[in-house]
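Please open the model in your viewer and keep the selection tool at hand. The tour goes through a few selections in turn.

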Amino acid sequence: MTFPNPEDHGRLAVHGENFFFEMGPIRPPSEGSDHSLLIRTTRNCSWNRCEFCATYRGEKFGYRQVEDIKKDIDVARALKEELQAAAGGRGGWITQDVIRGVWGGNPLLYGENSGNLSRKWQNLQNVANWLASGARTVFLRTRMP
Ligand code: SF4
């Protein structure tokens, strides 16, 4: 099992270190109840003045590049498709064995020296959890978390 495969994933041309997508550290409660997959289009908080919140204290707000956001969406889609394909032989359930199978079966993406593995592992787990909870919504985080 190897991915991304240009034949399977069309315009996706992301390999190795760049095979990840960015998520914010927190999200609005409504997105939590919907189990939305998070993909962030901005970094940090444009308000940053709530006294109880130190999440982005000292961090500068910024917009991400459209091409980078598109890449992130493509990566999330590739992960979704790969997990679904891997789960096909197990009755469709996204189990830890399915996740570990995708991880272990793709050394070019998840082997040594292939970038930030903890972030990639988190991406894989997040897409798996999103699929397991119905994959109904995606939250493109804009001005605030
Ligand atoms: S992230 Fe949310 S809670 Fe924190 S400062 Fe920004 S708006 Fe307030």
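Predicted model: local features only at pLDDT ≥ 70, side-chain atom pairs only at ≥ 80, totals over all residues.

**Stop 1: the core.** Select Val75, Ala76, Leu79, Leu83 and Val127. The largest nonpolar core has 23 residues, and these five touch the most other members. Now colour strand S1 (37-40), helix H3 (66-87), helix H4 (96-104) and helix H6 (117-132): each of these elements supplies at least two residues of the core. Which element gives the largest share of this core? Helix H3 does, with seven residues.

**Stop 2: H3 against H6.** Keep H3 and H6 and hide the rest. Their axes lie 10 Å apart, and the two helices pack at an angle of about 65°. The crossing of H3 and H6 is right-handed. To see the contact, select Ala76, Leu79, Lys80, Leu83 and Gln84 on the H3 side, then Asn123, Leu124, Val127, Ala128 and Leu131 on the H6 side. Sorted by class, the contact of H3 with H6 holds seven nonpolar residues, two polar ones and one charged one.

**Stop 3: Gly32.** Show the whole chain again and go to helix H2 (residues 29-33), where Gly32 sits. Is Gly32 buried or exposed? Gly32 counts as exposed because it has 12 C-beta neighbours inside 10 Å, and the exposed class takes residues with 12 or fewer. Gly32 and Phe139 are 107 residues apart along the chain, and their C-alpha atoms are separated by 9.9 Å.

Methods
Residues numbered from 1 in each chain as written. Core = buried A, V, L, I, M, F, W, Y, C linked by C-beta atoms within 7 Å. Buried ≥ 20, exposed ≤ 12 C-beta atoms within 10 Å, placed from the backbone. Helix = DSSP H or I, 4+ residues; strand = E, 2+ residues; numbered from the N terminus. Axes fitted to C-alpha atoms, helices over the stretch in contact; angles between N-to-C directions. Left-handed = near helix turned anticlockwise from the far one by under 90°. Contact = placed C-beta atoms within 7 Å. Nonpolar A, V, L, I, M, F, W, Y, C, P; charged D, E, K, R; others polar.
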